[in-house]
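Hi,

Here is the structure I promised to pass on.

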Amino acid sequence: MTTAAARRAAGRLHYAWIIAAVTFVVILITAGVRAAPGVLIVPLEDEFHWSRATISLAVGVNLLLYGAIGPFAAALMDRFGVRRTMSLSLAATAAAVAMSPLMREAWQLIVLWGVVVGLSCGVIGAYLAAFIAARWFQARRGLVVGVLTAATAAGQLVFLPSMATLVTHAGWRIMSLTLAAVLIVFVPLLALLMRDRPGDLGLAPYGDARGPQPVAAPQGNPVAVAFRALGDGARSRDFWLIAGGYFVCGASTNGLIGTHLIPACVDHGLTEVVGAGLLAATGVFSFIGGTLSGWLSDRFDNRYMLFWYYGLRGLSLLYLPFAFDMSFYGLSLFMVFYGLDWIAGVPPTVRLLSGVVGAERTGIMVAWITVIHQVGGALAAYLAGLLRISYGS
Amino acid sequence: MLSGLLCIVAALMVLFIGAGRRGRDLQGAEAPAE
């Protein structure tokens, strides 16, 4: 599609909204791929008699690479272009998923689902929402970050039950091939519609009254670019305040509740199914909370928003031990609130960080604080387990 | 309990972002859409 054709196709709609829509679908599908190992574990165990530890190793490699590649992936996109990088990553993911039915040995699972899917999904990683919003939007930036972040929750909600049904009725090979087909169909669409920068279409970011601004594409090794951005950011006190809050965010969501809620439910006499149901419900509420928070972040002081999010989350965690003793309904109330708050901190965090490091570096720096978020999650998951063993609750 | 207190500390910490600068400056002045 030529530039003129792209403009005509967009009509009166600013092309930034088409970019946001395409990115939403990419994140949605990628979330489906990332959720797939959850439904693959049992059928793989049954067919190949691989141990849970072997399959978990592949998932662990996937998670590690997914998180670690982020800052370099953002630099890669800056260097080689968003369209090219995203299309290649999605194609690599599709290839790995499509080859899954051919697996015979455990190392093939580690290579395909651990290394290839981990890296390729990591390139289209957690930082992408902020990267696209900062590059294409001046106005409504918070809303776009909120909706694109919520796309991950939506992807799990759409794909997880569909994949589980397919595995049950048609087998894991058909499920993998269906997922690969969805990915393959979307690769040419992505290549056709995605653009690197608004300036490529002679446009300014949405809501930018200054008009198109020339942007010099960053040169140099993406690894060095990513570390240089971190080095510059680390000299700012505001960066550490934002990153510190995000560390606690990761510790209190993925690390503590995401990992330990189900075993804690079992400890308090509830079943695993009830715990899993409560955790799944947070997905629905996090979609609502993330989108609403994005909308609010365009209107209110983001520092106060974060203050309320973290403060209320803290109070709800103080309430949690009592919620376990107040029957299922007390716990449901906790999970509704926690779900609403789960990703609500992302839009104000991204907007504040964007103000500190500038729009051009937002993608890389969000990827770096996402690494810090994951470290917080990992530490909390480990420490909570350790405390559970030591004190029995 | 411990994580609850940690969240409250984080809540207080984020209030110091941009101390000495105006909050709206941090978020970048936005031009009206369209």
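For the burial classes, C-beta atoms are placed from the backbone, and a residue is buried with 20 or more others within 10 Å of its own, exposed with 12 or fewer, and partly exposed in between. A:Arg12 sits in the loop that links α1 (3–10) and α2 (15–48) of chain A; helices are DSSP runs of H or I, at least four residues long, and strands are E runs of at least two, numbered from the N terminus. From A:Arg12 to A:Val61, 49 residues along the chain, the C-alpha separation is 45 Å.

Keep in mind that this is a predicted model: local features need pLDDT of at least 70 and side-chain atom pairs pLDDT 80 or more, while totals for chains, interfaces and linings use all residues. Residues are numbered from 1 along each chain as its sequence is written, with chains lettered from A and ligands numbered from 1 in the order written.

Then there's A:Gly385, in helix α16 (residues 359–391) of chain A. A:Gly385 counts as partly exposed because it has 13 C-beta neighbours inside 10 Å. Its C-alpha is 34 Å from that of A:Phe131, 254 residues away in sequence.

Now the interface: 35 residues of chain A and 23 residues of chain B take part in the contact (C-beta atoms, placed from the backbone, within 7 Å). On the chain A side, α11 (237–267), α13 (302–323) and α15 (346–357) each give two or more residues, and α13(A) has the largest share with 12 residues.

Cheers

Definitions and conventions
Two residues are in contact if their C-beta atoms, placed from the backbone, lie within 7 Å.
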